[in-house]
Amino acid sequence: MASTYVRCIQGEEKMQITLEYGHEGGTSRAYNLDRKQTEEVGTALNRLKVNLAKNLFKKKKKKKNVVAGLTGGENKEVDAENTLNVVIVNSCGRKVDETIPNQVAWAEGNKLMIGDTHVPIIVNPPTVKLLPLPSSIMAGFPIFPRFELEFADLQQSTFTWQKEDVSPVEEGAGVATEGHPVIKSTHPIYTPDAGDIGCRLKLTCVPGRTGRRGREDCVVSDEVRPGPGPCPFEARQEYTSHRTEDGTFRVVSYNILAETYSDTEYARDVLFSYCPPYALEMDYRRQLLLKEITGYNADVVCLQEVDRKVFENELLPSLDMLGFTGALKIKGQQGNEGVATFIRSDKFRIISQHDVLLTDMLMNSACCSDLREAVEKLPKLKAKIEDRGNVLQAMVLETVQSPQRLLIVANTHFYFHPEAGHLRLLQAATSLRHLQSICELFEQQGREISLVFCGDFNSTPHHGVNALITTGYIPEDYADWNDGGDEERIQGLQLQHRLKLSSACGYVDFTNFTPNFQDMLDYIFIDTKNLSVKNVVPSFTVEELTLHTAIPSVVFPSDHIAQICDLTWSA
């Protein structure tokens, strides 16, 4: 059916007009115009007539016909244009004045007339602006298309996944033969199966909103490749196969290994030399990460080492389709990666964010004056701290079920150097003071507030960070103060805080497992005053982790292990 689609947005200089039309019942084609909204509509109609005439003239030429009454080649197109009557009529059937502006003339309810053909004008219809599929697709791993819709709602749009180029099968087998597409799913997310290997997948989307339907769009994938087979994280997902019930929420903390660090010659040749290079590429690891993270059915997901482009192009659109709201906090001013937190929208609402650059807070905040005074006595340590871009991401959430309950979700990634325990202690103290100030702000308003503090703290359980967070105290003679040697040794500084925190997942042998290092660095600390642990998802066995020497590997997308627990309010 012939239609005229108009995109006209208030405040934009231009508007877009697409006419889908087949003259006298012929094959339909699209005619596109990009015109100023304030331009007289007659000028746009003349341009459209020229475009129509060009197409009609070409068809006439192919049939070796001539435009009636013409003999001169140069005038054929002009006369063809003049024979076309292209006008806009209003709902009363009257011709619209061609001196009025485009933004008024191309109005819903008006019609475009081409000769005797009435073509409806549809303004701002539901539209698919972007429908890319991943360049690499593997059997057994879900595909999350990166939909970009306009004037449309994902939940009110329709989707069809089809398998193309199916090999011939025996008659009666219930599968289409070669060249006939097979419908595989009508859900926006699809997981290819073994039968899709070697075939292409076609996704068709018809955008919709409040009863309106837009033009369908489709995209065809590259061939589906075999996957690596079952991944060990799928066994963990047997514990998370269902969403949490009311009053309980699931938290995941996971360092996903930034592409900034995995896609380097040093990573391929030294750090992870045992791992096939393709398994270190983000295009491969992305598929494992999305399957792993989404399969945990969490309500709060705290990720570390998140590349900006991975957040924007993969994680945010994929998790948005599953009902999450997410935010990224990049390290420092020129960082390429940072921490990202995702919140399931039917469990929590974000009411405020309090993200900080830890160095800025330590060196400028009044609550850190004692820390700053100690640091300024040590120029080498001060320079090292000022060069650090570590951040603390902090969201204050309101529970949907019980809005009077507030929850701070904090997410961080501390400095990594093995001889920087003193610096990490300062980062921990700075973080805790910031979180304590947020708690006090809402407690002064009479609100009940709890805390979940997640991250890769780059500190093992027997070192100072865990001790400070869980005991609330570090003495001035604590061993970690000596990590930087004489030039960086902090003296006369005690640390303390009043938050009551514990490690929700307890203490395990390792959350980081590479050939040269295996220990626990990742934690989910919780407020024991208001929260209690309901379940902890068991970690991997050594046998699983060493199946391919260490991690990452073809079945593990990161060198870290996700920490997962179910929490509930104590009262």
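## The annotated span

In this predicted model, residues 253-560 form a span whose end C-alpha atoms lie 10 Å apart and which is 33% helix and 28% strand, where helices (H or I, at least four residues) and strands (E, at least two) are DSSP runs numbered from the N terminus. UniProt, in an unreviewed entry, places the feature "domain: Endonuclease/exonuclease/phosphatase" at these residues, 253-560; its positions are given in the numbering used here, feature names are shortened, and annotations may be inferred rather than shown by experiment.

Residues are numbered from 1 along each chain as its sequence is written. As the model is predicted, local features need pLDDT of at least 70 and side-chain atom pairs count only at pLDDT 80 or more, while totals for chains, interfaces and linings use all residues, and side-chain values use heavy atoms, with hydrogens and water left out.

## The nonpolar cores

The largest nonpolar core has 63 residues, of which Leu-203, Tyr-254, Ile-256, Leu-303, Leu-315, Phe-342 and Leu-545 touch the most other members. Such a core is a set of buried Ala, Val, Leu, Ile, Met, Phe, Trp, Tyr and Cys residues joined through side-chain atoms within 4.5 Å, and buried means under 20% relative accessible area, whereas exposed means over 50% and partly exposed lies in between (1.4 Å probe, protein chains only). Among the elements that give two or more residues to this core are strand E11 (200-206), strand E15 (248-255), helix H8 (282-295) and strand E18 (337-344); the largest share, six residues, comes from H8. This core draws at least three residues from each of domain 2 (127-166 + 180-224) and domain 3 (232-569), with bounds that come from an automatic or database domain assignment.

If residues up to four places away in sequence are not counted, Leu-545 touches Phe-510, Phe-513, Phe-540, Ala-550, Ile-551, Phe-556 and Ile-561, contact meaning heavy atoms within 4.5 Å.

## A six-stranded sheet

Strands of a sheet pair through backbone hydrogen bonds, either parallel or antiparallel. An open sheet of six strands has the order E3-E2-E1-E6-E5-E4, with mixed pairing, and two strands count as paired if DSSP finds at least two bridges between them. Its edge strands, each of which pairs on one side only, are strand E3 (29-36) and strand E4 (86-89).

Strand E1 (residues 3-7) pairs with strand E2 (residues 14-21) in the antiparallel sense over five bridges, and Thr-4 has Leu-19 in E2 as its bridge partner.

## Backbone exceptions and a buried histidine

Most residues other than glycine have a negative phi, and most peptide bonds are trans. Thr-210, although not a glycine, has a positive phi of about 45 degrees; Thr-210 sits in the loop between strand E12 (208-209) and strand E13 (212-213) and is exposed, with a relative accessible area of 63%. Leu-257 is also not a glycine and has a positive phi of about 65 degrees, but Leu-257 counts as buried at 3% relative accessibility and is found in the loop between E15 and helix H5 (259-262). The peptide bond from Ile-551 to Pro-552 is cis, with omega near 5 degrees, and Pro-552 belongs to the loop between helix H15 (542-545) and strand E31 (563-569).

His-434 lies in helix H13 (residues 421-443) and is buried, with a relative accessible area of 11%. Leaving aside neighbours within four places in sequence, His-434 is in contact with His-354, Val-356, Met-361 and Leu-392.
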